[in-house]
Amino acid sequence: MSHADSALATDLLVIGAGPGGYTAAIRGAQRGLDVALVERETVGGVCINHGCIPAKSLIHAAGFQRDIQHWNDIGIETGEVSVDFDAVQAWKDDVIEQLTDNIRAGLDAHDVRLLGGTARFRDSSTVVVEGERGDRTVEFDHAIVATGSEPLELPGLGFDNDRVISSREVLQLDSVPDELVVVGGGYIGMEAVTKFAKFGSSVRVVEARDRVLMMFEEEVVDTIQETSEMYTDGIYTNAIATGLEYDEEGRPVLLVDHDGTERRFSADYVIVAAGRDTTAARDRIALENTDVELTEAGYIETDDQLRTTDENIFAVGDAAGEPFLAHVAYEEGKVAAAAAAGDDAALGTDYLPSVMYTDPEVAVVGKSESEARKAHDDVLVGRVPMSTSGRALSANKPAGYVKVVAAPNGELLGAQIVGARASDTIAEATLALELDATVDDLRGTAHAHPTFPEALADAAADAVGESIHSH
């Protein structure tokens, strides 16, 4: 029987091999299910191939200037330094390859069948996988939709325009552009500033609202803007992109209404980073042939087991709605696969950290101070600057602060960290919240010295007026 004529029956079919999908496939196999995983592009999905991992790899590489200047300041002479951007990109690609190889090895170790192609539902128990070698029918007991999302296109700034690119293409540039214009002042736009400004680009950000990074407290934004001119120079708020032209050299020129003043921003590329869209990915799989229903917001409706309104089908990750975070997809994939295997699993993660890889990093979890004050008549707030941390000073990373917010009885409500290794330190705060810890629990936990997380314990002590280092 040829591949095109072959049919397959499986206990669990997973559509999409991104963080939610490959995690679901492996967890389903661990629960004893026969699993098939369909992927139309590359194992690892957007996060590993076109998002989180390559972006953070380039941010890491771009940080060399400050570090090298510091080395020279303390007596380690480096001499003249140059950047081979092709080599940087090759290293980034090697990181991606190592991670995707690890995922494939994990799928192989758990006997997950990997099918290349685009899955389309025929009904609530059958899909057709359209691949290069023909179509293949797959019958399933349960399916998990993990189709992810794609960059949102803006009217007049579609990606079919020359040199108008998404956050995906910007990670694949073969040289460092002299000038970039970013439409969108969210974390993707600001991380683009972080890496390309450090590599030597002139970067301007156009944000329609009155400040960038609306997902974080204003204090967070103020702090990162105080640390570097790259987060203030070239940041235009209350600015709306109104059109696109091209100059005589074929470079794009973005027309912008900035508080009633028309501006013209020329650049090598215009990066549109205005959000993510799940529509195209979802439409490809023909959900109309199932009993799956959508929410008013246009996402797949799910319960706390990630089961859709079709009892045979689950949805995880971006397909199931915001927040569009890889670590949310991981958790949802585990729950959905366990539920498909008959476990009494339910999504139990109450606290989801958010991280931005600017310089300094930003990481938050739980309630912000303003959110806590809306929920409680009074709150405890502890705040310590990173400049009091021995580890931060010894690593030449003194910028930022750590803040904890607690209820009057000491119950921890949230934490905000701006500073080096914030993305690591937030894990302790997240665990503390999951365990219903108090500020006394946090400040009473011995921390190795000198380490970055010491500041978290000191902030907890500051909340009750007993910080050793806050002043």
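1. A salt bridge here is a side-chain nitrogen of Lys or Arg within 4 Å of a carboxyl oxygen of Asp or Glu. By this rule the count comes to 25. The model is predicted: local features need pLDDT of at least 70, side-chain atom pairs count only at pLDDT 80 or more, and totals for chains, interfaces and linings use all residues. Residues are numbered from 1 along each chain as its sequence is written, and side-chain values use heavy atoms, with hydrogens and water left out.

2. Asp268 and Arg251 form a salt bridge, at 3.5 Å from N to O. This pair links distant parts of the chain, 17 residues apart: Asp268 lies in the loop between β14 and β15 (269-272), Arg251 in the loop between β12 and β13. Strands are DSSP runs of E, at least two residues, numbered from the N terminus. Both Asp268 and Arg251 are buried (under 20% relative accessible area; exposed is over 50%, partly exposed in between; 1.4 Å probe, protein chains only).

3. β12, β13 and β14 form an open sheet in that order, with antiparallel pairing (two strands pair if DSSP finds at least two bridges between them). β12 (239-246) and β14 (261-266) stand at the edges, each with a single partner strand, so one side of each has no neighbour in the sheet. β12 and β13 (residues 252-258) are joined by 7 bridges.

4. Glu245 and Arg264 form a salt bridge, their closest N and O atoms 2.8 Å apart. Glu245 belongs to strand β12 and Arg264 to strand β14, 19 residues apart. Glu245 is partly exposed at 33% relative accessibility, and Arg264 is partly exposed at 47%.

5. A salt-bridge network links Glu217, Glu219, Glu369, Arg373, Arg383 and Lys403.

Definitions and conventions
Helices (H or I, at least four residues) and strands (E, at least two) are DSSP runs, numbered from the N terminus.
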